[in-house]
Amino acid sequence: MRIDLISDTVTRPTKGMLEAMMNASVGDDVFMADPTINKLQTKVAKLFGMEAALFFPSGTMANQTAIKLHTQPGDKLFCDKWAHVFNFEGGGAAFNSGVSSHLIDGNRGMFTAAQLNEAVAGRADIHVPYSRLVCVENTTNKGGGACWDYQELQKIKEVCIANNLAFHLDGARLFNALVAKNETPKQYGELFDTISICLSKGLGAPVGSVLLGTKAHIAKALRIRKLFGGAMRQAGYLAAAAIYALDHHVERLVDDHRRAKEIGEVLASCNFIKRVEPIETNIVIFYVNSIIDEVAFVKAIAKKDIHFISMGEGKLRMVTHLDFTDAMLEKLLKELKSYY
Ligand SMILES: *Cc1c(COP(=O)(O)O)cnc(C)c1O
């Protein structure tokens, strides 16, 4: 029994999902003739109360398209210093859009409206890049699955309006936040100009993300997606998996969150663990203390066919997901309790 806690992207399609994929009706999406992709886009737009949506092969491409459609080369965006769009998209904002990133020194990947206000203030003359865009991430990846406070996001929106800034949400794991905080997609649709969501993280589809926005934004996004090489043909097989994921895998995220919390509780009781970060959703970040060697620890547990990653300097990460069952949880907890 392989137990893989490396990421929530390691899931494989379930039997029901595979059946939905096999039965999908498809067409050439470059001609907008794939009925399943059209259905997915309409469904997600309606779910968020937004005008339009577009299917993407990856979350990175959806975010990069959003950055491109809101900016011109030379402009500047604002994001947290831990943001995925800055740290983990290969420098794409600079490469694809020619924009610089103003990093805000937030907490667990989240900053405040006051911090944004301070960042946007200052001289506005020919020396200074135009400020165009604010990007936030919910849940935060590097921040260990932390969820934003919705009221703070509302205040940030006010700063965006006052300063004529577009507001983009990297919602790769937004559904984890919605379930954890009992919020609705429409609350987010109201607040943001564009939103990207991933179907291939906690929701368990093999491939796919969706970008949401106004009709005008999505018309632009369609051109940019083509330019980035992301226009697909009979990708309705993937959209069918995405539809299945939205219909069957959202409410069950509470199980992932419960299991993550149980792991955290056991880790906190182990004498070789220095600290466990607060666990709000499905990501567990923890630190081992110097009585054990972190690499040896990961290797020893891997010998039991339990896998997770070391992020260096004593920092380790486990991510729960659809393919991590209660039986696996039991085995993991037993191994942790008996490790040292
Ligand atoms: C995974 C992730 C993405 C990008 O998704 P890919 O499909 O892997 O390109 C974007 N933002 C966050 C916060 C993520 O965790």
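Which residues are buried in α8? In this predicted model, the buried residues of α8 are L174, F175, N176, A177 and L178.

The chain is divided into two domains, with domain 1 spanning 15-248 and domain 2 spanning 252-338. Domain 1 contributes 19 residues to the contact, and domain 2 contributes 14 residues. Taken over C-alpha atoms, the centres of domain 1 and domain 2 are separated by 29 Å. About 1,300 Å² is buried between domain 1 and domain 2, and carbon and sulfur atoms account for 54% of that area.

The polar side of this interface can be described as well. Between domain 1 and domain 2, six residue pairs are in polar contact, with both residues at pLDDT 80 or more. Helix α8 (residues 174-181) supplies five residues to the side of domain 1 that touches domain 2, the largest share of that side. By residue class, that side of domain 1 comprises seven nonpolar, nine polar and three charged residues. Two salt bridges are found across the interface of domain 1 and domain 2.

R108 is placed in the loop between β4 (100-104) and α6 (113-120). With a relative accessible area of 13%, R108 is classed as buried, because that value falls under 20%. The backbone of R108 is also worth noting: phi is positive, about 55°, although the residue is not a glycine.

Most residues other than glycine have a negative phi, and most peptide bonds are trans. Against that background, two further sites call for comment. D305, again a residue other than glycine, has a positive phi near 65°. The location of D305 is the loop between α13 (294-303) and β11 (306-307). Its relative accessible area is 28%, so D305 counts as partly exposed, a class that runs between 20% and 50%. The other site is a peptide bond: the one from N138 to T139 is cis, with omega near -5°. T139 itself belongs to the loop between β5 (131-137) and α7 (150-162).

Is S97 buried or exposed? Its relative accessible area is 2%, which is under 20%, and S97 is therefore buried. Leaving aside residues up to four places away in sequence, S97 touches Q64, I67, K68, T71, Q72, P73 and G92. For one of these neighbours, K68, the backbone nitrogen lies 3.5 Å from a polar atom of the S97 side chain. S97 can also be placed relative to R132: the two are 35 residues apart in sequence, and their C-alpha atoms are 12 Å apart in space.

Notes: Residues numbered from 1 in each chain as written. Predicted model: local features only at pLDDT ≥ 70, side-chain atom pairs only at ≥ 80, totals over all residues. Heavy atoms only, no water. Domains from an automatic or database assignment. Contact = heavy atoms within 4.5 Å. Buried area = accessible area lost by both parts, 1.4 Å probe. Salt bridge = Lys/Arg side-chain N within 4 Å of Asp/Glu carboxyl O. Polar contact = N/O pair within 3.5 Å; in protein donor to acceptor, adjacent residues only side chain to side chain. Helix = DSSP H or I, 4+ residues; strand = E, 2+ residues; numbered from the N terminus. Nonpolar A, V, L, I, M, F, W, Y, C, P; charged D, E, K, R; others polar. Buried < 20%, exposed > 50% of the residue type's maximum accessible area, 1.4 Å probe, protein only.
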